[in-house]
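User: Hi! Could you walk me through this protein in plain words?
Analyst: Happy to, let's look at it together.

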Amino acid sequence: AEEIARELSGALADEWSGVVGGVHLLDQIFGPGHGLLDTQREDGPGAAPAGGFGVRDGIWAHSGWAPLPDLQAQISAMAELRDLLSTLGRRPTSEDADAVRRFAPRRERADGAPGARPDPSLRDAVDGLTRSGNLAEMLPSEACLLRGRSAALRRLFLARMVEGKLLSYESTGWADVPSVPRTRPRHRERMPSAPGGPLIICLDTSWSMTGTRERLSKAVTLACVSAAHAQRRSCRVVAFSTARGVVEAGELTPDRAGVERLLDFLAHSFGGGTDVTGALQYAMALGEDAMDAAD
């Protein structure tokens, strides 16, 4: 009986150790609510694609899991890195805004990050001049029409008020609502902004980065991914060695494709020459779309 129990416990440990360890690491990176373990999924050649990983999914045996515990330990000692990440990128927001800049127009979406949208009910600042019938916001020059005894000027004032054509201050306000930037926008809109926007990581994977530098760079990348997810920011990695060896690892998101990209990157060994020009040109091209406010 004891031998059977040992065999059963060994088989159970062999089956679940990789799953439990992998899920624990995902919890540390993306938080406990990532939902990447799908216990109802049937894995196999004929299995339909799904958003998570099944218990018998080959992903749990990926070599990219191996360096994660050491990288997590390095991240925990990088308080300065966390402070730096909070200042990178720009995002449209009405909270703690310190500047106004142009962003792609946004559309509301429940799972999007909080983003600034005009709110007509708020009157936080004067944005310019407009025409209205609001006596509280009209210019003093319009009130001058009432000072004289001229009945014609008084009628002109009343006509402008009824028609909503009094020259007035244009007051605007912004509120943060869950939204995402529109793709391929035809124009940019001026919005209040604050630090904490998208991240583009240009990572040198040449031979000179092997050893300690490689481990440190992977730890920094992992910290960026974790911070970006917690704050619902976009994060992309552009790995390069030479101008022809520029490879975008893609956006590292808390889904099946994003985790596979992250593990492939962590399992990759660095090597080759160095040419930063191609990587910077590629990153600049990424910044022309939804990543236009990235650092």
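**A serine and a pocket**

Analyst: Let's start with S168, which lies in strand β5; helices (H or I, at least four residues) and strands (E, at least two) are DSSP runs, numbered from the N terminus. This is a predicted model, where local features need pLDDT of at least 70, side-chain atom pairs count only at pLDDT 80 or more, and totals for chains, interfaces and linings use all residues. Residues are numbered from 1 along each chain as its sequence is written, and side-chain values use heavy atoms, leaving out hydrogens and water.

User: Is S168 buried or exposed?
Analyst: S168 is buried, because its relative accessible area is 0%. Buried means under 20% relative accessible area, exposed over 50%, partly exposed in between (1.4 Å probe, protein chains only).

User: What does S168 touch?
Analyst: Not counting residues up to four places away in sequence, S168 touches G128, L129, T130, S132, N134, E137, M138 and L139. Contact means heavy atoms within 4.5 Å.

User: Which backbone oxygen lies 2.9 Å from a polar atom of the S168 side chain?
Analyst: That is the backbone oxygen of L166.

User: New topic: how many helices and strands are in the chain?
Analyst: The protein chain has eight helices and ten strands. Of its 295 residues, 35% count as buried.

User: And what kinds of residues line the second largest pocket?
Analyst: Six are nonpolar, three polar and four charged. Ala, Val, Leu, Ile, Met, Phe, Trp, Tyr, Cys and Pro count as nonpolar, Asp, Glu, Lys and Arg as charged, and the others, Gly among them, as polar. A pocket is an open set of points on a 1 Å grid over the protein atoms alone, where a 1.4 Å probe fits, with protein on both sides within 12 Å along at least five of seven lines; lining residues have an atom within 4 Å of a point.

How values were computed: A polar contact is a pair of N or O atoms within 3.5 Å; within protein, one must be able to donate a hydrogen and the other to accept it, and residues adjacent in sequence count only if both atoms are side-chain atoms.
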